[in-house]
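Subject: Structure handover

Hello,

Here is the structure I promised to pass on. My notes follow below it.

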Amino acid sequence: MRVVRTTDYNDMSRKAANVISAQTILKPDTVLGLATGSTPIGTYRQLIDWYKKGDIDFSQVSTYNLDEYRGLAPEDPNSYHYFMRTNLFDHVNIDLANTHVPDGLAADPEAYCASYDAMVRDAGYPDLQLLGIGRNGHIGFNEPDDAFSKGTHLVDLTESTIEANSRLFDSVDDVPRQAFSMGVQTIMYAHTILLIASGEEKAEAVRDAILGPVTPHCPASILQLHANCILIADAAALSLCP
Ligand code: F6R
């Protein structure tokens, strides 16, 4: 894993956006795997800024998001569909038909998960997969467990994730208890993985992910086995790494 240490969140965001930007310049029909959450917002803002300056073209790019809450409609402001539209898609020249976020309302979760995986596979898997990391080391919604997950699946969210994500909802009771998530195996099929992390509250997870044993108890630790994984993290997130 290549580790890039940045001074702060803005520096992390700019450097991550640089990697994504380079990828789309080198391969205009790039397949991007995308994440939601607080961490990538600055990266998306930077990409929008460069798009507006004429430096990036998303017209041929296609995207596959990692996850979506079960039960939330795309127009729900807490849904990841809504997040992606407001934080990126509505501000750049991407063709919405080429953007994919798991359907939180899928009636037959098992069949839906299989079809999402087939779609990602048929797209050739992401050239570049952007990932954030949870305080418990989760990637996507793959929570610490006794085994690594494989394909897209329905997840029961842990109390710690529900608690962490409740900041965006009116109350903790409004946070959905389940989500659709790409599995660890699907994530690992991406050709390049770009993991971003910021802030002291991520320091333990980052340390365990890059220096600890490879274990499903810290799902992000599997990234040590990926041939082309880049971590861009600020000094606070790397504060427990020598
Ligand atoms: C979101 C996702 C999650 C987040 C993680 C960190 O699509 O896949 O794994 O990346 O929960 O979230 P933030 O960035 O809000 O700290």
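Two strands pair if DSSP finds at least two bridges between them. Helices (H or I, at least four residues) and strands (E, at least two) are DSSP runs, numbered from the N terminus. This is a predicted model: local features need pLDDT of at least 70, side-chain atom pairs count only at pLDDT 80 or more, and totals for chains, interfaces and linings use all residues. Residues are numbered from 1 along each chain as its sequence is written.

Strand 4 and strand 8 (residues 178-181) are antiparallel and share three bridges. Glu 68 has Phe 180 of strand 8 as its bridge partner.

Five bridges join strand 1 to strand 10 in the parallel sense. Val 4 stands opposite Ile 232 of strand 10.

Helix 1

Helix 1 covers residues 9-26. Its 18 residues should span 26 Å at 1.5 Å a residue, and its end C-alpha atoms are 26 Å apart, which agrees. (Axes are lines fitted to C-alpha atoms, for helices over the stretch in contact; angles run from 0 to 180 degrees between N-to-C directions.) Its buried residues include Tyr 9, Met 12, Ile 20 and Thr 24. (Buried: 20 or more other C-beta atoms within 10 Å of its own; exposed: 12 or fewer; partly exposed: in between; C-beta atoms are placed from the backbone.) Among what covers them are helix 2 (41-52) and strand 6 (128-131).

Gln 224

Gln 224 sits in the loop between helix 7 (203-211) and strand 10. Is Gln 224 buried, exposed or partly exposed? Gln 224 is partly exposed, because 14 other C-beta atoms lie within 10 Å. Gln 224 and Arg 2 are 222 residues apart in sequence, yet 9.7 Å apart in space, C-alpha to C-alpha. Not counting residues up to four places away in sequence, Gln 224 touches Met 1, Ile 210 and Val 214. (Contact: C-beta atoms, placed from the backbone, within 7 Å.)

Best wishes

Terms used
The expected span of a helix is 1.5 Å times one less than its number of residues. Two residues are in contact if their C-beta atoms, placed from the backbone, lie within 7 Å.
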